[in-house]
Amino acid sequence: MDGSDHQSPGSTAETASAQGQNLADAVPSVLDRRLRWRRVLLKLSGEAFAAEHGPGGPAQTEAGAEPRVGLNYATIRGIASEVVAAHHSGVEIAIVIGAGNIVRGERAAQAGMERAAADYMGMLGTVINSMALQDALEKQGVQTRVMSAIAMAEVAEPFIRRRAIRHLEKGRVVVLAGGTGNPFFTTDTAASLRANEIRADAVLKATNVDGIYDKDPRKFSDAVRHTHITYDECIQKNLRVMDQTAFTFCREYDIPIIVFDIAQPGNIRRVVLGESIGTLVGRSI
């Protein structure tokens, strides 16, 4: 037998200890009993990946200003740490990320590019963001799989619904890239579609404000935040926190949406533990 195959008593003990730790990690924590949502779909904006790190970092510039572009790696690590904290509470997490920090199909089309081509560029941008988040998550000890709606076998698995569910059941974070795989659909719509496919309990919409208001809180100091609002109200009032197709899809399949501020540390974990933050979008108040 080659010497490299031999294990000393010390190494055997270390292996057993590691196996015991892995087993302990697999057992739901005490916090798990208090989870409001057992499986969630987290929707992140691409612009948040370009924002400054720290409290208030992912918040965008004034309304109408040019969005930030590129990747801020400190911010991505900060977002990853928020996901890790929620994951350690026992919740199963799938993530959909936009690509507004790289290319936004609608803006490219307005500049004269053919819309379908612009949207495909946006899908590629979501893969870049997904790979960046995967790296940050795995450096913090959480196994992560990127699954893409468009084929690119060298960097991501193809999205297969049953395989995605199995990854979640094994305690992995799944990052769903490539949107729906079709042009003319936003990543908000992709998030609502994937949430239904993987049987998520809720869509967590991370934004740069702490919920849905009756008017723009950046312009009106007397704006009032809704704690609960219906899908129909969001559609009728044309609230832009998500697109109309996403709201309609979630209403059709009764998937709750929680809109909350990603800039506040610990908010993702607070949402899954049932704390009353942000705005809950559902069928009735």
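This is a predicted model: local features need pLDDT of at least 70, side-chain atom pairs count only at pLDDT 80 or more; totals for chains, interfaces and linings use all residues.
Residues are numbered from 1 along each chain as its sequence is written, and side-chain values use heavy atoms, without hydrogens and water.

The protein chain has nine helices and 11 strands, taken as DSSP runs (helices: H or I, at least four residues; strands: E, at least two) and numbered from the N terminus. Of its 285 residues, 46% are buried (under 20% relative accessible area, 1.4 Å probe, protein chains only).

Two helix pairs can be set side by side. Axes are lines fitted to C-alpha atoms over the stretch in contact, and angles run from 0 to 180 degrees between N-to-C directions.

| Pair | Axis distance | Angle |
|---|---|---|
| Helix 2 (residues 73-88) and helix 4 (residues 115-139) | 9 Å apart | about 60° |
| Helix 6 (residues 187-197) and helix 8 (residues 244-253) | within 8 Å | roughly 20° |

Helix 6 is therefore roughly parallel to helix 8, whereas helix 2 and helix 4 are oblique to each other (under 35 degrees is roughly parallel, over 145 roughly antiparallel, 65 to 115 roughly perpendicular, the rest oblique). Helix 6 passes helix 8 in a left-handed crossing.

Contact means heavy atoms within 4.5 Å. In helix 2, I76, R77, A80, V83 and V84 meet A132, L133, A136 and L137 of helix 4.

Technical notes: A crossing is left-handed if the near helix is turned anticlockwise from the far one by less than a right angle, and right-handed if clockwise. Buried means under 20% relative accessible area, exposed over 50%, partly exposed in between (1.4 Å probe, protein chains only).
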